[in-house]
2 protein chains.
Amino acid sequence: MPTVVRLGLLGLGTVGSGLVEIVSKSGSVIESKSGVRLEIVKALVKTKDKPRPLESDKLTFDPDEVFYHPEIDIVVEVMGGIEPAKGYILKALESGKGVVTANKAVLAQYGTEIFEQAKRHGKQLGFEASVCGGIPLIRALSSGMIANDIDDLVGILNGTSNFILTRMYKEKLSYDEALAMAQDRGFAEADPTFDVEGIDAAHKLIVLTELTFQTKATLEDLEREGITKIDPIDIHVADEFGFVIKPLAVAKRTGASLNLRVHPTLVPFEHPLGAVSDEFNAVMVRGDATGEMIFHGKGAGSLPTASAVLSDIIEIARNPTGGIIWNPAASQRFEKSEGRTRYYLRFPIEDRPGVIGRIATSLGDHGISITHALAKLDSSAGNVMIVTHEASESEVNAAMVDIAATVVLRGEPLSLRILG
Amino acid sequence: MPTVVRLGLLGLGTVGSGLVEIVSKSGSVIESKSGVRLEIVKALVKTKDKPRPLESDKLTFDPDEVFYHPEIDIVVEVMGGIEPAKGYILKALESGKGVVTANKAVLAQYGTEIFEQAKRHGKQLGFEASVCGGIPLIRALSSGMIANDIDDLVGILNGTSNFILTRMYKEKLSYDEALAMAQDRGFAEADPTFDVEGIDAAHKLIVLTELTFQTKATLEDLEREGITKIDPIDIHVADEFGFVIKPLAVAKRTGASLNLRVHPTLVPFEHPLGAVSDEFNAVMVRGDATGEMIFHGKGAGSLPTASAVLSDIIEIARNPTGGIIWNPAASQRFEKSEGRTRYYLRFPIEDRPGVIGRIATSLGDHGISITHALAKLDSSAGNVMIVTHEASESEVNAAMVDIAATVVLRGEPLSLRILG
């Protein structure tokens, strides 16, 4: 006899529709593999006008019909955004439902409150879909690597940014052209801010940090830069120097404190993350017992994300007393400086005598040595690109200020870290 | 209040000692993360003479003291081999213990019998450590990807073979030199047959096949070749042609049947598995919902394997009613031919006029076209290496027979598949 699990969906957009598609196509296979029969009972929608993959009597405008529905066992929150999603999740848990969510923004900001609610009502919260879509990363970190102390975690967590940088690299597109292509293919929203400014990746990094390092983190604890300042010239010069620019998220122990960062970074060709292209995500994590491990797959999209939602649903149905351990302490110290690293620097200059010499001298004055330098000038203007040996962030910042004061620059200079 | 879980170990070798080490070093962290306190009560050993990481009153020569011990909750089988390991696992389940094993050989041959025993006694069997050591692959496939139909699975499952081929590639060692280095570092046994002949990888592929495709498989259902015939010249010519030779295990749906293979294969440089080096393992799996996913990490060794064993122990402790779904049906048809693929061929020849022409002509006569050809001759003898367009196995075999009959060869010709 299968266990019948009745689902209520909050939202029937990309992920919700993917879920309906998989249940209708593969429900019987899932049942034969897991012993769990899935039934979708209700879905909260904003409009009944568009064509929907569910019968219209299952659609509702009233959220109470989902989380107060007597027959629903698990509520699936796939509406996104902070409110009303957060309030709905809390109400669903309160009314005795298990909850599965793909909502990293809510978890990054209200994870502790939500998990306390789940514990109070003895219910489980699944969030496999919130980070890296189809990759079963949350269970790998929380359960598969439970015997490990994690030293660091480096990931490409935002598929949109990775897609844009990949297209700029492979097709020599400008940022705007690559963004338009991403929007065209449904990888980027009309307003791409969350993705391209690293906010989405920051939310995911917070979820991973709270889970992996069992420590409370907020957006203020991390350093964040988007990909919008990357010029095609940076990508092609990095390539000449043996690097590919990737949108990285990093959580790293440095002594007693943690360093969290989200920014585009130069990754050496031979590094495994350098080969993670297009909309793919990957996370490299180092445990004291397992050593280095890499998880690589599709981080977003209707079916991959719905696949992760379904894995949570089956886990909750089969292991009602288990669940993911989420118990972040508030005690961790965060350290914004991350020690010494190599840098890529670009200075947009006017072609005046002595400019290149002044930049190089100023870097030397701040104790920064150069491993690669390249000047590309078109008649009167151009760029000087420099790769440094290891330097501290404060040395680099001081040199940048110094250079901006003594050299006429055409625009903002750029500094990017190089993955060690 | 933590849940106290008492462990009995069958074996205290590499993995058993790693387990003791992690429990003693990280037991309290594991407890704070999981709520499970681990206690090692007994360990079955063959001798008490060597130094052991456990107090001597916990060591025993009598297996009954492990699986009939009234206080032991979970029996950990890390002794390896078929018997007595298989009998001990069955007895431990019968006497009401959960069982965690790293033993792919037993599972590949007696998995069904063992899982039936577990079901009969309402106990769980964890086997995360049996394939790809520290990588949480078993749960990823059985739970994380449960909503997926798996199309194919390609992996580097044997770290020893990968280490040997990597050292032959990077340090230009002969097979024997690389094997000696692997033995020196503890990556290969004194008798390396299981690893280098692909038997270990075949066992792991059977476990993955039964789990992923829910179908019963045996060693007879798969095609298997070892790495012992690989000459340094194959590795270096493959490199010139843009490939790296990797020990692959492949499970692939072809229509209604499954094709299982374990053999060294030419992998294009740009393929993600081409970058998996040394003792590392990786598995690439394609699900209908998630698309392509890659798991990469250390596949063997004391601590990575013990980490996987511990993840099973915690899962069983926290989810006593759950467990991995293992329900292979006997009905699947296996198909040894795997359709058309590109081939790398090497013919060891004497330098006589017309030999190269006869080889090329014979291939053409069998409908096989050539994309790369290279002859390397040292005065009187040498090799002809050929890369073909796609051809069927029967075409290639027929051409090889034909060539062996018409050309004087110095030794066995070699044919390797190229990953498409």
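Trainee: Where in chain A does A:C132 lie?

Mentor: This is a predicted model. A:C132 lies in the loop of chain A between β6 (125-126) and α5 (137-144).

Trainee: Is A:C132 buried or exposed?

Mentor: Count neighbours. A residue is buried if 20 or more other C-beta atoms lie within 10 Å of its own. A:C132 has 31 C-beta neighbours inside 10 Å, so it counts as buried.

Trainee: Take B:D278. Which loop of chain B holds it?

Mentor: B:D278 sits in the loop between β10 (257-268) and β11 (280-287) of chain B. Its phi is positive, about 50°, though it is not a glycine. Apply the count again. B:D278 has 16 other C-beta atoms within 10 Å, so it is partly exposed.

Trainee: What kind of peptide bond joins A:E83 and A:P84?

Mentor: Read omega. The bond between A:E83 and A:P84 is cis, with omega about 10°. A:P84 is in the chain A loop between β4 (74-77) and α3 (85-94). Now check chain B. A cis peptide bond joins B:E83 and B:P84, with omega about 10°. B:P84 is in the loop between β4 (74-77) and α3 (85-94) of chain B.

Trainee: How do I relate the two chains?

Mentor: Superpose them, then read the turn and the shift. Chain B can be laid on chain A by a turn of 180° and a shift of 0.0 Å along the axis, with an RMSD of 0.0 Å. The two copies are therefore related as by a two-fold rotation axis. The same surface serves both copies, as 100% of the contact residues of chain B recur in chain A.

Trainee: How many residues of chain B are in contact with chain A?

Mentor: In chain B, 45 residues are in contact with 45 residues of chain A. Next, ask which elements supply them. Those giving two or more residues to the chain B side are α1 (14-34), α5 (137-144), β12 (291-298) and α11 of chain B. The largest share, nine residues, comes from α11(B). Then sort by class. The side of chain B that touches chain A has 21 nonpolar, 17 polar and seven charged residues.

Trainee: What does α11 of chain B look like?

Mentor: Compare its span with the expected one. Helix α11 of chain B covers residues 302-318, 17 residues in all. Its first and last C-alpha are 24 Å apart, close to the 24 Å expected at 1.5 Å a residue. Of its 17 residues, 16 are buried, so α11(B) is largely enclosed by the rest of the structure.

Trainee: Which residues touch the most other members of the largest nonpolar core?

Mentor: Start from the general idea. In soluble globular proteins, nonpolar side chains tend to be buried together. Here the largest nonpolar core has 277 residues, and A:L205, A:V309, B:L205 and B:V309 touch the most other members. Leave out residues up to four places away in sequence, and B:V309 touches B:V15, B:L19, B:V76, B:V78, B:V100, B:A102 and B:A129.

Trainee: And the domains of chain A?

Mentor: Chain A is divided into domain 1 (3-126), domain 2 (138-298 + 328-334) and domain 3 (342-418). The C-alpha centres of domain 1 and domain 2 of chain A lie 28 Å apart. Their contact takes six residues from domain 1 of chain A and seven residues from domain 2 of chain A.

Conventions. Residues are numbered from 1 along each chain as its sequence is written. Chains are lettered from A and ligands numbered from 1 in the order in which they are written. This is a predicted model: local features need pLDDT of at least 70, side-chain atom pairs count only at pLDDT 80 or more; totals for chains, interfaces and linings use all residues. Domain bounds come from an automatic or database domain assignment. Two residues are in contact if their C-beta atoms, placed from the backbone, lie within 7 Å. A nonpolar core is a set of buried Ala, Val, Leu, Ile, Met, Phe, Trp, Tyr and Cys residues joined through C-beta atoms within 7 Å. A residue is buried if 20 or more other C-beta atoms lie within 10 Å of its own, exposed if 12 or fewer, and partly exposed in between; C-beta atoms are placed from the backbone. Helices (H or I, at least four residues) and strands (E, at least two) are DSSP runs, numbered from the N terminus. The expected span of a helix is 1.5 Å times one less than its number of residues. Copies are superposed by least squares on the C-alpha atoms of residues with pLDDT of at least 70 in both. Ala, Val, Leu, Ile, Met, Phe, Trp, Tyr, Cys and Pro count as nonpolar, Asp, Glu, Lys and Arg as charged, and the others, Gly among them, as polar.
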